[in-house]
Protein chains: 2
Amino acid sequence: MAEQFKGFRRGPRRVSTEQDIVEAALSLLDEGGVTAASIRGIAARIGVAPNAVYTYFPDKAAVVKATVEHLFGQVDHAAFADPEIPWRRRIELIAIELRERLKAHPGAVGLMIGGPMDGPRALALNERLMEVLASAGLSPTDAAKAAYLLVVYVFGSIALDVADLGDIRQAPPEAERIKARQAGFSSITAETYPLSASTAEVMARYVSTEQYLWGLHRVLDGLTHPLPQKPDSATAAAAT
Amino acid sequence: MAEQFKGFRRGPRRVSTEQDIVEAALSLLDEGGVTAASIRGIAARIGVAPNAVYTYFPDKAAVVKATVEHLFGQVDHAAFADPEIPWRRRIELIAIELRERLKAHPGAVGLMIGGPMDGPRALALNERLMEVLASAGLSPTDAAKAAYLLVVYVFGSIALDVADLGDIRQAPPEAERIKARQAGFSSITAETYPLSASTAEVMARYVSTEQYLWGLHRVLDGLTHPLPQKPDSATAAAAT
DNA sequence: ACACGATTTGTACACCGTACAAATTTGGTC
DNA sequence: GACCAAATTTGTACGGTGTACAAATCGTGT
């Protein structure tokens, strides 16, 4: 222990640390989106030259990675550990917590989807999920697969929620938008597709927490009560 | 009709069209990832000055949008329309088709997650899905919600599949990687989290089509056979 | 007081998206 | 065939990005 700590932090540490950088990145992300979270912007916010960041992080990717990890660290695991709460409710609570935590930083969500979710805290979340599912009676293998499925649902849902689904949410396609689109790439979107109005409505409506939880429970239903599989349809296709 | 077509295409159309641009963008995306698909790169591939692209597209975002739409256009809808095939198998077929089509262009997947999926072809896909679910006996409202859930699962699954999950897949964290990480952002990842080896194993294994379909069918199970809801847990939380 | 090492900074390079005006090519009209 | 107008391409340029390199600065142990 004493030997481990021998090499003390030296040098002119004035303002910046890893924490400062990550926090600056997060705040910039919230204010101005992904584009605002630049190395130069981060450095300017801390009051430091851009290159100073490279003392603590080798890459910008590393900064992003650390920021994502920082977000995962804010997720409260308390509900997971409480054995008083029934397991389904526990998962529901953590799904809500995760969603609210991530939706607080929409810019960051775009960063982790397709990005680095392999940090220790992100994996720890998956680990806890598996434990809960195992305690619900699932076999270790099924619990692992189920945990992955749940993660997919939660993140996929949040991603599509936060995503820029264009102007579907805000307004029906007016003539102006159509004109602009046709001017932009006419030959590609020249064909017409039958589109009912309900599609846009549903996508606009699904952002609610209520429907998020509805989907979550349908997934849980399928996990805990899988239907007996007929050998002719799904299994046959999967075996190839 | 005749009046509509009066303004004929004039001018020196030598090499570039919307199609050429999109195809160049896609090929560059496949070869070098997102960073390679730059306006300058696309223009260079067609043998044109970078600015020439802006004749056909107002933005780079428009190019991305068109590329994503182009991908959706490659998805074969045939299985959807065939009433001979049982509906569950139809959904399975389209899920496989979509997955294979998207996995052929991993770089593009990162583009659409959190990106523009509001094109006519993307919406048409959702529309067909709703039709199949409705024909399976679901009410229009439930069909709409179920379609959204399925889209979330399919895209979330593919996204996590294609995503750079770090080195989890490839190798266990060796001392070298740990050292590099600690050198990069020591104070943040200094804490240790309990991590079982199975987490990494499961994530590494789940890329298989078999498990992708397993999850799909569990979701379908939950959709077609939702458990009777107890008023104390989920519904109470959702009502708030 | 001195030196060492960690940290910060200045400068610079290659790349990005894209705005603007000038040049080029084409089709239709006289 | 000459001309015009419109569509397309290009040259140049600006501000932005990530980041490599060497020089300068500062805190700390001896």
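## Aromatic contacts in a predicted model

A:R99 lies over the face of A:Y212, 4.6 Å from the ring centre. The charged end of A:K145 sits over the ring of B:W214, at 4.3 Å from its centre. A charge counts as over a ring if NZ of Lys or CZ of Arg is within 6 Å of the ring centre and within 35 degrees of the ring normal.

This is a predicted model, in which local features need pLDDT of at least 70 and side-chain atom pairs count only at pLDDT 80 or more, while totals for chains, interfaces and linings use all residues. Residues are numbered from 1 along each chain as its sequence is written, chains are lettered from A and ligands numbered from 1 in the order in which they are written, and side-chain values use heavy atoms, with hydrogens and water left out.

Over all chains, the search of the whole structure finds 4 aromatic pairs. Rings of Phe, Tyr and Trp (its six-membered ring) pair if their centres lie within 6.5 Å; planes under 30 degrees apart count as stacked, over 60 as edge-to-face and the rest as tilted. Two of these pairs are tabulated here.

| Pair | Centre distance | Plane angle | Class |
|---|---|---|---|
| B:F72 and B:F155 | 6.0 Å | 50 degrees | tilted |
| B:Y153 and B:Y212 | 5.8 Å | 15 degrees | stacked |

B:F72 is in helix α3 (residues 60-73) of chain B and B:F155 in helix α8 (residues 140-162) of chain B, so their pair ties together parts 83 residues apart in sequence. Helices here are DSSP runs (H or I, at least four residues), numbered from the N terminus. B:F72 is buried, at 3% relative accessible area, and B:F155 is buried with a value of 3%. Buried means under 20% relative accessible area (1.4 Å probe, protein chains only). Both B:Y153 and B:Y212 are buried.

Methods:
Helix = DSSP H or I, 4+ residues; strand = E, 2+ residues; numbered from the N terminus. Buried < 20%, exposed > 50% of the residue type's maximum accessible area, 1.4 Å probe, protein only.
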